[in-house]
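Hi,

Here is the structure I promised to send over. Please open it alongside this email.

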Amino acid sequence: MLISLKQQVALVTGASSGLGAGAARALAAAGAAVVINYNSHAEPAEQLVDEIRAAGGQAIAIGADVSKEDQVERLFAETIKAFGYLDILVANSGLQKDSPITEMSLEQWNTVIEVNLTGQFLCARAALRQFAKQGDRPGVSRAVGKIIHMSSVHQLIPWAGHANYAASKGGVDLLMRSIAQEVGQQRIRVNSIAPGAIHTAINEAATQGPALEKLLKLIPYGRVGDAEDVANAVVWLASDASDYVHGTTLFIDGGMSLYPEFRDNG
Ligand code: BGC
């Protein structure tokens, strides 16, 4: 199966590092023109643009905070101005503000919900409006548009000390499935990816030394994932190869969501 995203335009939010950067790189390698959205880190975003261009791909970087309605509207307007179309949205931006529940400030709660959940709503809404406006793209993509929400194993696994994060990802699950139910008839495909522990900056402390040993007990497949593991799934979900996949969450977690504590009879 050869996957090509040629002539397609992909917007990846939170793409200056981690899973977003990995997804942007892979989408560009598959032939898509890529918009690399960042919030505060312009420099790595511009470096990624240079890297993609040097490899013969098309990319631009656009700064915008996905939790702000006016900035999201501008992000999509600039995307269309630059490339004319939008075929793929990877709603990836996300952050953690960890705290025991009784210590958690309203600010910690709100920031996580605003970026991880409201941001995904605002970006999905803008993408859906654009897909409806531009309509069918025969010969380019079977679906009129594709949305991939970046969720987490914590849309399923409760996470003590991270209630705001787990609540935001639980929200992403029902947001994704409700949108999928609503727009499927327009031939717009909507899915989620739920990564487990992946080697990225957000996980640096958890994936080294004694913490790593503890973490590996939670991963039946026995290794921490890499950004490419997730990026490969993004490319597949964005392509015609997955054209009958709709309203689904793909767990990329080495089996973390299999309740490995029960391996030895619980
Ligand atoms: C979080 C990581 C965590 C992983 C598994 C992800 O959603 O961002 O920090 O290691 O879930 O617990």
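This is a predicted model: local features need pLDDT of at least 70, side-chain atom pairs count only at pLDDT 80 or more; totals for chains, interfaces and linings use all residues.

**Helix pairs**

Two packed helices are described by the angle between their axes and the distance between the axes. Start with helix α1 (residues 18-29) and helix α7 (residues 227-238). Their axes come within 8 Å and cross at roughly 50°. An angle of that size makes α1 oblique to α7. The crossing of the two, α1 and α7, is right-handed. On the α1 side, the contact is made by Gly18, Leu19, Gly22, Ala23, Ala26 and Leu27. On the α7 side, Ala227, Val230, Ala231, Val234, Val235 and Ala238 take part. Sorted by class, this contact of α1 with α7 has 10 nonpolar residues, two polar ones and no charged ones.

Next, look at helix α4 (residues 106-134) and helix α5 (residues 163-183). These pack at an angle of about 15°, and their axes are 8 Å apart. Angles under 35 degrees count as roughly parallel, so α4 is roughly parallel to α5. The crossing of α4 and α5 is right-handed. From α4, the contact residues include Trp109, Ile113, Leu117, Phe121 and Leu128. From α5, they include Tyr165, Lys169, Val172, Leu175 and Ile179. By class, the contact of α4 with α5 has 14 nonpolar, six polar and one charged residues.

**Nonpolar cores**

Which residues have the most contacts inside the largest nonpolar core? They are Leu27, Ile36, Ile193 and Val234, in a core of 37 residues. Several elements give two or more residues to this core, among them β1 (9-12), α1, β2 (33-38), α2 (42-54) and α7. The most comes from α7, with eight residues.

Take Ile36 as an example. Leaving aside neighbours within four places in sequence, Ile36 is in contact with residues including Val12, Ala24, Leu48, Val49, Ile52, Ile60 and Ile62. Another core lies apart from the largest one. That other core has 31 residues, including Phe76, Ala126, Val144 and Val183.

**Single residues to look at**

Ala10 sits in strand β1. Is Ala10 buried or exposed? Ala10 counts as buried, because its relative accessibility is 0%. Ala10 and Val35 are 25 residues apart in sequence, yet 6.2 Å apart in space, C-alpha to C-alpha. Not counting residues up to four places away in sequence, Ala10 touches Leu27, Ala32, Ala33, Val34, Val35, Leu86 and Ile88.

His154 is in the loop between β5 and α5. At 12% relative accessibility, His154 counts as buried. Beyond neighbours within four places in sequence, His154 is in contact with Trp159, Tyr165, Ala166, Lys169 and Gly170. Its C-alpha atom is separated by 21 Å from that of Leu106, 48 residues apart along the chain.

Finally, check two backbone angles. Arg187 is not a glycine, although its phi is positive, at about 60°. Arg187 lies in the loop between α5 and β6 (188-195). At 41% relative accessibility, Arg187 counts as partly exposed. Tyr259 also has a positive phi, near 50°, in a residue other than glycine. Tyr259 is found in the segment after β7 (249-252). At 48% relative accessibility, Tyr259 counts as partly exposed.

Best wishes

Notes:
Residues are numbered from 1 along each chain as its sequence is written. Side-chain values use heavy atoms; hydrogens and water are left out. Axes are lines fitted to C-alpha atoms, for helices over the stretch in contact, and angles run from 0 to 180 degrees between N-to-C directions. Helices (H or I, at least four residues) and strands (E, at least two) are DSSP runs, numbered from the N terminus. Angles under 35 degrees count as roughly parallel, over 145 as roughly antiparallel, 65 to 115 as roughly perpendicular and the rest as oblique. A crossing is left-handed if the near helix is turned anticlockwise from the far one by less than a right angle, and right-handed if clockwise. Contact means heavy atoms within 4.5 Å. Ala, Val, Leu, Ile, Met, Phe, Trp, Tyr, Cys and Pro count as nonpolar, Asp, Glu, Lys and Arg as charged, and the others, Gly among them, as polar. A nonpolar core is a set of buried Ala, Val, Leu, Ile, Met, Phe, Trp, Tyr and Cys residues joined through side-chain atoms within 4.5 Å. Buried means under 20% relative accessible area, exposed over 50%, partly exposed in between (1.4 Å probe, protein chains only).
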